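Subject: Structure for you to look at

Hello,

Here is the structure I promised to pass on. Please open it and keep it beside this email as you read.

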Amino acid sequence: MIDEHTLATSLRTQLGGALRREHVGTTVKLGGWVQRQRVMGGIVFLDLRDRAGVVQVSFDPEFASAAAIKLAGSVGRESVVLIEGEVVARPENGRNAELATGEIEVKASSMRVVGPADTPAIPVALGKGETLPSEELRLRHRYLDLRRPELQTNIVLRHRLMQATRRHLSERGFLEIETPILTKPTPEGARDYLVPSRVSAGEFYALPQSPQLYKQLLMISGFDRYFQIARCFRDEDLRADRQPEFTQIDIEASFISAEDIYTLAEGLLAALWKEAGLSIPTPFPRMKYADAVERYGTDRPDLRYGLELFDATDVFRGVDFGITRSAIDAGGRVRGVRIPGGAALSRKQVDELEALAKGAGAAGMLRLKREKGELTGPPAKFLSAEQGAALGIQEGELCLLVAARDHVSSPALDRVRQEAAKVMQLVPTGTLSFLWVIDFPLFEKDPSTGTLGAVHHPFTSPHPDDLALLDNAPEQARAVAYDVVLNGTELGGGSIRIADPDVQRRMFNLLAIDDETAQQRFGFLLEGLRSGAPPHGGIAFGFDRIAMLLSGATSLRDVIAFPKTTAARALFEGAPTPVGEDDLRDLHIRLASNGDGAR
């Protein structure tokens, strides 16, 4: 806690929102914003707000001059004022239990308006029955929206989490080192934000998607343990939990194994949750990627509830039902989820679950349910009694099945599983289910082209036991990679890196990056690896996401001071914005017309 006198200045003695009963009898100087104003029996009352909270200030003829009372009665809401007065105890019947300062008030002797305010475009303090204006309007007037206690609390928590991160890692020998913001374009899966060079015509910098290559170079340079609360940029579509610019806790260390990273990361997360007043058990359980996808359809499963997926392919093999037969003949499987009590869902509710599956790529879902001992649904008449029993559908359960290849059925059933848990109210509140997902595949194969892509990034080390697979079955090779998942949300991920330049070159070749292209894009890394690289690895956590979860917010925008909209616009400042011809000329840029006069 900060000592109250630390915040004292020549204009104020302390924060008004921090005043308590022990301050009674103290003469104070306060500064803040007028939140509310009312007149009762010739006395003017102001609610004065600062970052610590709200305190009531009264202007009584016994204490204040007529001029001060008149000024207090006319001051505009959200105006900034300086007040001098004495802290007094409120009478028993005048206390406000809803305020931390509710047992006291300040009897003002003088007031000065130092920041007169226009009528606020949006309300800062909501009255009874009032609702927040639209988010777009609040983002347009962000300087007012940020005055709301909820957002101020979130931003203060964000600060505390940053400091807790620095303390925890610094105490363990990590060095905070800044890496460049203007970097070389090295695509990492998303589009780069490009910055044109004025002094090198036709050439561009990129804003970093992550400090990945720099932190590896720092390990090669011998710094041993690095961290950074790093700003990163990705030009991709937005949603509630994604922004074009974001903050991550970036960590790298030398002479370590994945086990060392697990221990380090669990300790850091425990420290962050402790800073927010919560305790979490460690170590976290671990699950192999293949098991996660098989049992839950996703590599970030929510383990707070059951609803595990099951394989019904053997039951339907040989069954004369067109949908399942054609899927199995094409190399697919029949997989599904059994929902306890789901037989009571309405047709509309099940249709909505099917719409989610279709939105994730499935052609549709097969429905079966058991009521009064009878199995019903379109496939039921094609199943024998033994086959129906083999599906394991219990009384009152609804079974939803997808017949397709795994790359279709897994994401579809994942979405159905998540929504069904919400509909059936199976998700417990207040439960924290952390999980390590490990043994990721090194590559993923494009189902239409057959080409290989890196599941994480091209610098991830193959599993030592799978190096031989790189020659003849690379799609079967595992990576020494790991993700931390909490309640179905990925908090962060990382890997042990490739330290051998020959293995790194093989990795590039398998990703269809030839030697010339690899040298052009990543030559500085390859040269560094050839100079002697220690075994190293790391992890990065989405800091904005952690702050969102710990604050209880529902959007990243509520824990970022100046966020962008889902259209990547900063409404409060009007960015992005057109640039003048002279500036474009200096950057060697000319805008092309699209044919109708627009550019």
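Below is what was found in it, from the whole protein down to single residues.

**The whole protein**

Please remember that this is a predicted model. The protein has 599 residues, and 45% of them count as buried. Its C-alpha trace spans about 95 × 75 × 60 Å along the principal axes. The secondary structure comes to 17 helices and 22 strands. The accessible surface is about 29,700 Å². Carbon and sulfur atoms hold 51% of that surface.

A reminder first: strands of a sheet pair through backbone hydrogen bonds, either parallel or antiparallel. Here, 5 strands close into a barrel in the order S1-S2-S3-S5-S4, and the pairing is mixed. Neighbouring strands of this sheet are turned by 55° against each other on average, direction ignored. Helix H1 packs on the sheet. H1 touches S1, S2, S3 and S5, and its direction makes about 75° with that of S5.

Look at one pair of strands in detail. S3 covers residues 53–59, and S5 covers residues 104–115. These two run parallel and share 2 bridges. Find Val 57 and you will see that Val 106 in S5 stands opposite.

**The open sheet**

Next comes a sheet of 8 strands, which is open. The order is S6-S9-S10-S22-S21-S20-S17-S11, again with mixed pairing. Which strands stand at the edges? They are S6 (175–176) and S11 (286–288). Each has a single partner strand, so one side of each is left without a neighbour in the sheet.

S21 (residues 489–496) and S22 (residues 536–542) run antiparallel, joined by 5 bridges. Gly 493 has Ala 540 in S22 as its bridge partner.

Two helices lie across strands of this sheet. H5 (residues 212–220) lies across S9, S10 and S22, at about 25° to S10. H7 (residues 289–296) lies across S11 and S17, at about 80° to S11.

**A helix to trace: H6**

Which residues of H6 are buried? Among them are Ile 261, Leu 264, Ala 265, Leu 268, Leu 269 and Leu 272. Glu 266 and Trp 273 are also on the list. As you check their positions, keep one rule in mind. An α-helix has 3.6 residues a turn, so residues three or four places apart point the same way. After H6 comes Gly 277, with a positive phi near 85°.

**Salt bridges**

Side chains of opposite charge can pair when their charged atoms come close. The count here is 41 salt bridges.

- Arg 49 and Glu 78 meet in a salt bridge, at 2.7 Å from N to O. Arg 49 lies in S2, and Glu 78 lies in the loop between H1 and S4, so the pair ties together parts that are 29 residues apart in sequence. Buried or exposed? Arg 49 is buried, at 4% relative accessible area. Glu 78 is buried too, at 3%.
- Asp 311 and Arg 333 form a salt bridge at 2.9 Å, N to O. Asp 311 is in S12 and Arg 333 is in S13, so this pair ties together parts that are 22 residues apart in sequence. Asp 311 is partly exposed, with a relative accessible area of 37%. Arg 333 is buried, at 17%.
- Asp 302 pairs with Arg 304, their closest N and O atoms being 2.7 Å apart. Asp 302 is buried, at 7% relative accessible area. Arg 304 is partly exposed, at 23%.
- Arg 138, Arg 142, Asp 145, Arg 148 and Glu 150 are linked in a network of salt bridges.

Best wishes

Note on methods. Residues numbered from 1 in each chain as written. Predicted model: local features only at pLDDT ≥ 70, side-chain atom pairs only at ≥ 80, totals over all residues. Heavy atoms only, no water. Pairing = 2+ DSSP bridges. Helix = DSSP H or I, 4+ residues; strand = E, 2+ residues; numbered from the N terminus. Contact = heavy atoms within 4.5 Å. Axes fitted to C-alpha atoms, helices over the stretch in contact; angles between N-to-C directions. Salt bridge = Lys/Arg side-chain N within 4 Å of Asp/Glu carboxyl O. Buried < 20%, exposed > 50% of the residue type's maximum accessible area, 1.4 Å probe, protein only. Areas by Shrake-Rupley, 256 points an atom, 1.4 Å probe, with all protein chains shown as cover.
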